[in-house]
Amino acid sequence: MWKKWFGKSSIRSNEKILNSQIDRARIPEHIAIIMDGNGRWAQKKGMPRTYGHSAGVEALRQIVRTASDIQVKILTVYAFSTENWKRPKEEVNFLMKLFSDFLDSEIDELDKNCVQIRFIGKIEELSSRLQSKIEKARTRTMKNQGLVLNLAVNYGGRAELKRAVQIIAQEVQSGKLYPEEIDEKTIQNCLYTADLPDPDLLIRPGGDFRISNFLLWQLAYTEFWSTSVHWPDFTPGHFIQAIVEFQQRERRFGGLKRRKDTDNIK
Ligand code: IPE
Ligand code: IPE
Ligand code: MG
């Protein structure tokens with residue numbers, strides 16, 4: 001298991017300590033990550049931004065391995081946003097090549113470890129070569145029962161909602177649906193993540209406190225955890241720390257603090 005990837009990782013002692021603090025019975029089912037800070041990480045080292053993107057792939061490998069080991073069910077990672085096209089052409093091209101190389105080099109190991117690879121975003125706008133690799137990776141792993149690795153590529157939350165509205169409008173126009181029948185489930189069913197539960201935990205490295213157009217609908221009640229550590233320096237130890245802190249939070253979903261049986265109801 002995880003031969004190629006495991007070999008590179010050294011389980012540090014703080015990771016072991018944190019690992020022991022995790023409540024295995026309450027692992028978040030779905031974790032989302034905004035993999036941010038690659039460019040700043042590289043520039044701090046006097047290197048080009050692209051160097052940071054390459055280093056970010058190694059961080060992703062480690063986190064996928066850890067998520068799979070501790071039996072997280074779904075890991076959704078933000079790799080490229082619908083706004084990232086605004087960047088210099090060379091950086092965009094580099095990133096596209098990196099996705100393509102990632103699929104080539106990692107598919108065997110991911111498949112062997114039963115990872116199911118999925119994609120969310122406007123995949124149809126990517127190059128046809130990349131699209132066919134994506135399709136191959138998706139179909140090859142679609143029956144795998146392990147971690148669902150959801151890669152958000154050319155993804156934008158607003159674009160996803162716009163698409164959902166268009167699908168619903170078409171159903172109304174064709175007479176299949178009455179406007180008053182539209183409920184939250186109708187909208188949910190038209191998202192890329194239709195068959196997935198909402199993320200329990202959102203992790204953002206890189207030090208910023210914003211969503212940057214990620215999973216706008218799905219994050220309604222997701223717990224947010226951020227760190228100033230840049231993505232290439234993000235280790236399994238940080239990942240486990242985020243989960244341990246998540247497990248100490250109280251989620252109320254707009255309700256009240258969980259009542260003990262002995263509390264009086266006023
Ligand atoms: C995240 O790192 C990767 C992508 C957005 C593709 P950045 O490239 O945004 O790195 P910073 O935030 O500029 O440091
Ligand atoms: C979010 O990071 C997108 C990804 C990590 C893929 P950005 O770097 O694009 O977000 P902003 O510009 O800081 O909000
Ligand atoms: Mg950034």
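Visitor: Is K133 buried or exposed, and at what relative accessibility?

Guide: This is a predicted model, and K133 belongs to helix α6, residues 128-141. Buried means under 20% relative accessible area. K133 therefore counts as buried, its relative accessibility being 17%.

Visitor: Which residues does I107 touch beyond four places in sequence, and how far apart are the C-alpha atoms of I107 and I117?

Guide: I107 is in helix α5 and is buried, with a relative accessible area of 11%. Not counting residues up to four places away in sequence, I107 touches F102, I117, A137, R140 and T141. I117 is 10 residues from I107 along the chain, and their C-alpha atoms are separated by 8.9 Å.

Visitor: Where is G52 found, and which residues is it in contact with beyond four places in sequence?

Guide: G52 is found in helix α4, which covers residues 49-69. Its relative accessibility is 0%, so G52 counts as buried. Leaving aside neighbours within four places in sequence, the contacts of G52 are N38, W41, A42 and P232.

Visitor: What separates the C-alpha atoms of G52 and N38?

Guide: N38 is among the residues in contact with G52. The two are 14 residues apart along the chain, and the separation of their C-alpha atoms is 4.4 Å.

Visitor: What is phi of C114, and where is this residue placed?

Guide: C114 is partly exposed, with a relative accessible area of 37%. Its place is in the loop between α5 (89-112) and β3 (116-120). C114 is a residue other than glycine with a positive phi, near 65°.

Visitor: What is phi of S212?

Guide: S212 sits in the loop between β5 (201-204) and β6 (223-226). At 29% relative accessibility, S212 counts as partly exposed. Its phi is positive in a residue other than glycine, with a value near 50°.

Visitor: How many disulfides does a search of the whole structure find?

Guide: C190 counts as buried at 10% relative accessibility, whereas C114 is partly exposed at 37%. A disulfide requires a pair of cysteine sulfur atoms within 2.5 Å. Over the whole structure, the number of disulfides found is zero.

Visitor: What share of the contacts with a separation of 6 or more comes from residues 24 or more positions apart?

Guide: Buried residues make up 49% of the 266 residues in the chain. Among contacts in the chain with a separation of 6 or more, the share from residues 24 or more positions apart is 77%.

Visitor: How far apart do the centres of the positive and negative side chains lie?

Guide: The chain exposes about 14,700 Å², of which carbon and sulfur atoms supply 51%. There are 42 positive and 34 negative side chains, and the distance between the centres of the two sets is 4 Å.

Terms used: Residues are numbered from 1 along each chain as its sequence is written. Chains are lettered from A and ligands numbered from 1 in the order in which they are written. This is a predicted model: local features need pLDDT of at least 70, side-chain atom pairs count only at pLDDT 80 or more; totals for chains, interfaces and linings use all residues. Side-chain values use heavy atoms; hydrogens and water are left out. Buried means under 20% relative accessible area, exposed over 50%, partly exposed in between (1.4 Å probe, protein chains only). Contact means heavy atoms within 4.5 Å. Accessible areas come from the Shrake-Rupley method with a 1.4 Å probe; for residues, only the protein chains shown count as cover. Lys and Arg count as positive and Asp and Glu as negative; His and the chain ends are not counted. The place of a charge is taken as NZ of Lys, CZ of Arg, CG of Asp or CD of Glu. Helices (H or I, at least four residues) and strands (E, at least two) are DSSP runs, numbered from the N terminus.
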